[in-house]
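Hello,

Here is the structure we talked about handing over. Please open it, keep the sequence beside it, and then read my notes below.

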Amino acid sequence: SSNMEDDVSLKFHQQLLHINENLVTEDVAALKFLCTDLIHLRKLEGVNSALDIFKLLMAQEYLNAEDTFLLAELLYRIKCHCLLEKLGYTKEKVQEHLHEKGRVSPYRQMLYELSENITNEMLKEIIFLLQNRLPKRWVTLSALDLLVLLEKQGLLTKDNVQILEDVCVIVSPDLLETIKCYKKAKVLCYNIFSSPDVWTAVAKLLKELGALPSFCYIKMHKRRCVLLSSEQEGTALDGLFQPKIGFKYMVLEVLVLLSFKNNMISYKMDGPHRGFCLIINNVNFKSSQRMGSFKDAEQLERVFTWLGLDVRTYTDLTSRDIGRLMQTWQHLQDHKDRNCFICCILSHGESGAIYGTDEKLVLTHTLMSHFTAKQCPQLAAKPKLFFIQACQGNKIQRPVYVDTDAQTPDLSSLQESSSLFESIPEEADFLLSMATVDGYVSFRHIKEGSWYIQALCSKLQLLVPRGEDILSILTQVNEDVAGRVSPSGTKKQMPQPAYTLRKKFIFPIPMSPPPS
């Protein structure tokens, strides 16, 4: 038994060592910040590595070989999802248990989210506005350092975020929305848990916000609410049924999400320049030709020009050409005066990747990562939309009169397949719309163009003038494509979008009529 315990302890410490080796300086700073409510600040100030944090968490009995959830939550919060596997978790498994086991408070989450969205330019402006409240000799390092300093000085607490509101209203209304949603949810949560009948109050609020069915009786939801938090019992206090702290966080997080949903605003799209739209049209490959693709490219050019985009089309690019093109547009300073960025790719493809005309694969994630806030600060907080007409596998054979956008895979240029949600960058403001779900082919008529691009262009022309947002339009695209069948009557297709958009994306209604 002793030997077994030693083996478990050794394995646990090996896991921690591996995680430590895969965390960079910024990750360690984020972990320190998220642990501020759990470990005394004086102890955290001496931290130089992730291992130091792990030791402090173990000393406080927050972390041990039998219970690693807190560390899993922290890795999840800083988006180091690939390291969760070392602890036996997945992103989805952590999400499932956050409401019952989560220890990072909504207040700390809100501050961390703010820090992630504060660009270097914003930080300079905020520091300038607060210069009279900051120590004269204080050296700016990061947004997290600034938040910690404000907390040390007592200018920022979970009950008083006024100083952040004052600067964000000037620097960035988007940041202000995050703070407003936190405050609104906090007030709602307080009203719930100060109610004589807490469960009725919870059910009533969730019902009003649409989280519970409208036809259910409110009084019936006491057990339903307990199950929502994965807790079988609460604790009796002064004759009242009081929920555990995990459930409080669950309700608060639900309210934050619903507040975002119900108060969702639209991306700014009223600037003098809408944005650039790149179209990469790969037609001629070594062993095949994508007949009908020019029809798709022409239609995309007409529609996005009509929508106010500055369209640039590139034909027959190799994998290296595509990479260089992305780098060129990544560093374009003109993005600063644009509202958005759109990229359309027409090519052959495999799971999580598209082919260059040299028949070498380029990962979709690699393409999109050129335009993250860090890599392309001119597009920070602006929507970046990617529409890809390409197969995601070879699971359906080509029919006689309908071609597919599949290609014999060159496994040397792709180590492993990726799902759609692994392809999209984890930071905000991205949309990736694929012509088909992972593993399947997409269809293209050799004269009329692809099903997906035909449907996309048709629905944009129909629904943009009605003021519909992009996700509603893509839902209609799904319905259109799903209703189509190949000439043989046996082949079907279903597009799939993934997104991290924070607001509604709505094209301004063009003054001229649709091009077709």
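Glu61 is exposed, with a relative accessible area of 70%. Keep in mind that this is a predicted model. Now look at the backbone of Glu61. Its phi is positive, about 65°, although Glu61 is not a glycine. Where does Glu61 lie? You will find Glu61 in the loop between helix 4 (50-59) and helix 5 (69-77).

Ala381 also has a positive phi, near 65°, and Ala381 is a residue other than glycine. Ala381 belongs to the loop between helix 17 (364-369) and strand 9. Is Ala381 buried, exposed or partly exposed? With a relative accessibility of 31%, Ala381 counts as partly exposed.

**Helix 17 and Ile388**

Stay with helix 17 for a moment. Thr364 is found in this helix. Thr364 counts as buried, at 1% relative accessibility. Thr364 and Ile388 are 24 residues apart in sequence. From C-alpha to C-alpha, Thr364 and Ile388 are 9.2 Å apart in space.

**Aromatic rings**

How many aromatic pairs does the structure hold? The structure holds 9 of them. One of these pairs is Phe304 with Phe387: the ring centres are 6.1 Å apart and the planes are at 40°, so the pair is tilted. Phe304 lies in helix 15 (residues 293-306) and Phe387 lies in strand 9 (residues 384-389). These parts are 83 residues apart in sequence, so the pair ties them together. Are Phe304 and Phe387 buried or exposed? Both are buried. Phe304 and Phe387 also form one aromatic cluster with Phe505 and Phe507.

**Charges over rings**

The charged end of Lys93 sits over the ring of Tyr89, at 5.2 Å from the ring centre. Arg108 lies over the face of Phe33. There, the distance to the ring centre is 4.8 Å.

**The two sides of helix 6**

Turn next to helix 6 (residues 91-101). Which residues of helix 6 are buried? They are Val94, His97 and Leu98. Look down the axis of helix 6: the buried residues fall within an arc of 140°, so they line one face of the helix. Glu92 and Glu96 are on the other side of helix 6, and they are exposed.

**Cavities**

Last, the empty space inside. Rolling a probe the size of a water molecule over the atoms shows where empty space is left. The count comes to 2 cavities of 30 Å³ or more. The largest cavity holds about 70 Å³ of space.

Which helices each supply at least two residues of the lining of the largest cavity? They are helix 8 (120-129), helix 9 (143-152) and helix 10 (162-171). Helix 9 gives the largest share of this lining, 4 residues. Residues in the lining include Leu114, Ile118, Leu123, Ala143, Leu150, Val167 and Cys168.

Best wishes

Notes. Residues numbered from 1 in each chain as written. Predicted model: local features only at pLDDT ≥ 70, side-chain atom pairs only at ≥ 80, totals over all residues. Heavy atoms only, no water. Phe/Tyr/Trp six-rings, centres within 6.5 Å; stacked < 30°, edge-to-face > 60°. Buried < 20%, exposed > 50% of the residue type's maximum accessible area, 1.4 Å probe, protein only. Lys NZ or Arg CZ within 6 Å of the ring centre and 35° of its normal. 1 Å grid on protein atoms, 1.4 Å probe; cavity = no way out; pocket = protein on both sides within 12 Å on 5 of 7 lines; lining within 4 Å. Points joined across faces, edges and corners; volume = space filled by probe spheres on them. Arc of directions from axis to C-beta.
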